[in-house]
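Please open the structure in your viewer and keep the selection panel at hand.

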Amino acid sequence: MKRKALKTAVIAAALATSLLAGCSGKADETTAASGADQKETAETSAEAKAEDTKADGKLEKLTVGASPAPHAEILEAAREVLASKGYDLKVVEYTDYVLPNNALDSGDLDANYFQHQPYLDSFNAQNGTDLVGVAAIHYEPFGIYAGKTASLDAIPDKGTVLVPNDLTNEARALLLLEAQGLIKLKEDAGLEATKNDIVENPKNLDIVEIEAAQLPRSLQDGDVAVINGNYAIEAGLKVSDALATEDAESLAAQTYGNVIAVRAEEEESPKTKALVEALTSPEVKEFMEQTYAGAVVPLF
């Protein structure tokens, strides 16, 4: 009996050692898991959490910064689509181009929707931020609007032309003026043009740089003004009333699509994916086309 008990104890000890070795190997494999695997697991967990939230009937908050028009209006058109995906949309409106990026960078917003990619790139470079554009949603044609002068031909010598004062939008305005034959830019100026790149100015026009949001209010101070689409809409200006607008095939139109911006680490998050899907839905496209009569052009 003693020999049998001893033999049983030895076998049990061997099995225990074998099991311990097996667990140790498993732990080593887990410890060696790649960063990519960990990221995938985190994303899967986040997506599962979003699905659980939706299943429970509770909507997760999604906070997006936007210009009042048309961006906030377009977001409102996406509200029901987002709700069906499990998200309760909160829109925070801004009337300038700096605060919504600062708020996104600080984490006060989940995303923002008001700017084009060149402006976002410029903002990142100047402020050391890491914000990314995840989808281009629409573009708004720049227009030249009448101030003191009713037509482009009637602009007098030394007339005043108002343009946005930020780099990317000023270049866009100057390209539109060039397309109308009012000025000529250096051949390689392109999308970084400033008024210092004007090489021909037959009428000696005075190009006055003003903050983009102030252009509609300052319209009567100039002969004409080149105004961003969203600020024109907010001021009640119609694209059909503009003296000239960007051609849909122009370099500017192809470059300056308005994007959804998020923090780099949120580029593939469930919230970001849901927002992109909602803003590129058939419902939102129909809203843009029926509401803005060419002042807002969907890019999807």
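**First stop: a pair of helices**

Select helix H3 (residues 68-77) together with helix H11 (residues 282-292), whose axes come within 9 Å and cross at roughly 135°; axes here are lines fitted to C-alpha atoms, for helices over the stretch in contact, and angles run from 0 to 180 degrees between N-to-C directions. The model is a predicted one, in which local features need pLDDT of at least 70 and side-chain atom pairs count only at pLDDT 80 or more, while totals for chains, interfaces and linings use all residues. Residues are numbered from 1 along each chain as its sequence is written, and side-chain values use heavy atoms, with hydrogens and water left out. Helices (H or I, at least four residues) and strands (E, at least two) are DSSP runs, numbered from the N terminus.

H3 and H11 are therefore oblique to each other, a word for angles that are not under 35 degrees (roughly parallel), over 145 (roughly antiparallel) or 65 to 115 (roughly perpendicular). Now show the side chains of Pro-70, Glu-73, Ile-74 and Ala-77 in H3, which meet Val-284, Phe-287, Met-288 and Tyr-292 in H11, where contact means heavy atoms within 4.5 Å. By class, this contact of H3 with H11 has 7 nonpolar residues, no polar ones and 1 charged residue; Ala, Val, Leu, Ile, Met, Phe, Trp, Tyr, Cys and Pro count as nonpolar, Asp, Glu, Lys and Arg as charged, and the others, Gly among them, as polar.

**Second stop: the sheet of 6 strands**

Next, select the open sheet of 6 strands, which has the order S2-S1-S3-S12-S4-S13 and mixed pairing; two strands pair if DSSP finds at least two bridges between them. Its edge strands are S2 (87-93) and S13 (297-298), each of which pairs on one side only. Within the sheet, S1 (residues 60-66) and S3 (residues 111-116) run parallel and are joined by 3 bridges, and Gly-65 has Asn-112 in S3 as its bridge partner. Helix H10 (residues 270-279) lies across S1, S2, S3, S4 and S12, running at about 60° to S1.

Strand S6 (residues 160-164) pairs with S9 in the parallel sense over 5 bridges, and Leu-162 has Val-208 in S9 as its bridge partner.
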